[in-house]
Amino acid sequence: ATPMSVMVGVGRGAQLGVLVRNAEALERMEKVDVVVVDKTGTLTVGKPKVVAVKAFNGLGENEVLRLAASLERASEHPLAAAMVQEAAARDLALAEPTGVESPAGKGITGTVDGHRVAVGHAAFMSENGIHTDHHTATAEAFRREGATAVFIAVDGRAEGLVAIADPVKDTTEAALKALAREGVRVVMLTGDNRTTALAVAKRLGIAEVEAEVLPAHKADVVQRLRREGHVVAMAGDGVNDAPALAVADVGIAMGTGTDIAMESAGITLLKGDLAGIAHARALSRATMANIR
Ligand code: ADP
Ligand code: MG
């Protein structure tokens with residue numbers, strides 16, 4: 001490739017908020033036929049908020065939230081931040097948790113005020129011997145609205161759930177339409193629940209969803225698509241997305257996301273505006289046409 005035309009492409013990209021870290025990413029972009037997109041923080045704003053708290057038994061809603069938030073202080077997950085923020089808004093006095101363990105993509109356990117507390121998704125509850133079957137209908141109702149249902153168990157019993165929702169970015173719909181016009185296949189990739197993911201996908205017209213994917217397996221999804229012969233771009237923002245960004249033909253990080261995602265990607269979208277993906281393809285075509 002002629003460095004000059006690539007440099008021009010990189011410069012134009014910068015004007016559009018598309019920061020090209022390596023020239024190969026720009027060169028490959030025109031051949032990309034599948035874009036895999038993380039949900040939280042990539043399609044959505046990444047600032048989830050608590051929309052409801054439900055108590056199943058004797059404990060009140062505020063006590064359910066207080067126990068969850070006391071534990072989640074120890075987590076850096078965006079869902080954890082949402083619970084801590086809601087507890088603060090309700091003036092709840094949080095306790096200091098001990099013995100905290102937080103397996104990635106599952107939830108968190110520990111001791112709060114002498115009680116064993118677990119917070120996380122239904123499968124994580126099962127892993128901890130806690131039954132949530134009686135509350136599936138309640139959780140599903142929130143999920144169908146696109147919210148994430150997080151269960152709270154105290155001393156081995158499900159005591160409530162917190163529904164947390166993250167709005168879709170204003171720019172997402174137009175960006176996806178631009179990709180659809182170019183015949184690019186879009187796949188949503190998320191660790192979140194299948195019903196929640198499908199609700200958000202439906203709203204955005206995304207037909208393909210890979211949900212409930214553990215952080216360690218996100219890269220496998222990208223690799224599988226590459227083995228099928230596709231040229232794959234992966235767009236993501238989180239620590240969880242970094243391995244998938246690194247194995248994609250083109251890794252695209254959100255400038256609003258984590259440093260580790262940006263370090264693993266060839267392209268960064270300055271304001272996290274996904275329109276940058278179509279811009280990058282156009283730039284790539286122009287750049288490569290110049291070279292040929
Ligand atoms: P995403 O792909 O949206 O970034 P993750 O892989 O980080 O999602 O997490 C997947 C799911 O695991 C979440 O939707 C949530 O149900 C659960 N989870 C992960 N971390 C936590 C936490 N700190 N507290 C509660 N639930 C969590
Ligand atoms: Mg994310």
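Trainee: Leaving aside neighbours within four places in sequence, which residues is Met 234 in contact with?

Mentor: This is a predicted model, where local features need pLDDT of at least 70, side-chain atom pairs count only at pLDDT 80 or more, and totals for chains, interfaces and linings use all residues. Residues are numbered from 1 along each chain as its sequence is written, while chains are lettered from A and ligands numbered from 1 in the order written. Contact means C-beta atoms, placed from the backbone, within 7 Å. With those sequence neighbours set aside, Met 234 touches Val 36, Val 222, Ala 244, Leu 245, Ala 248, Gly 251 and Ile 252.

Trainee: At what angle do α8 and α13 pack?

Mentor: Ala 174, Ala 175, Ala 178 and Leu 179 of α8 meet Ala 275, Ile 277 and Ala 278 of α13. By class, that contact has seven nonpolar, no polar and no charged residues. The axes, fitted to C-alpha atoms over the stretch in contact, lie 7 Å apart. The angle (from 0 to 180 degrees, N-to-C) is about 35 degrees.

Trainee: Which element gives the most to the side of domain 1 that touches domain 2?

Mentor: By an automatic or database assignment, the chain is divided into domain 1 (12-45 + 168-291) and domain 2 (49-165). Their contact takes 13 residues from domain 1 and twelve from domain 2. On the domain 1 side, α3 and α9 each give two or more. The top contributor there, with five residues, is α9.

Trainee: Where does ligand 1 lie?

Mentor: 23 residues surround ligand 1 (C-beta within 6 Å). Thr 40, His 77, Gly 105, His 121 and Gly 191 are the closest. Both domains give residues to this shell, so ligand 1 lies between domain 1 and domain 2.

Notes
Two residues are in contact if their C-beta atoms, placed from the backbone, lie within 7 Å. Helices (H or I, at least four residues) and strands (E, at least two) are DSSP runs, numbered from the N terminus. Ala, Val, Leu, Ile, Met, Phe, Trp, Tyr, Cys and Pro count as nonpolar, Asp, Glu, Lys and Arg as charged, and the others, Gly among them, as polar.
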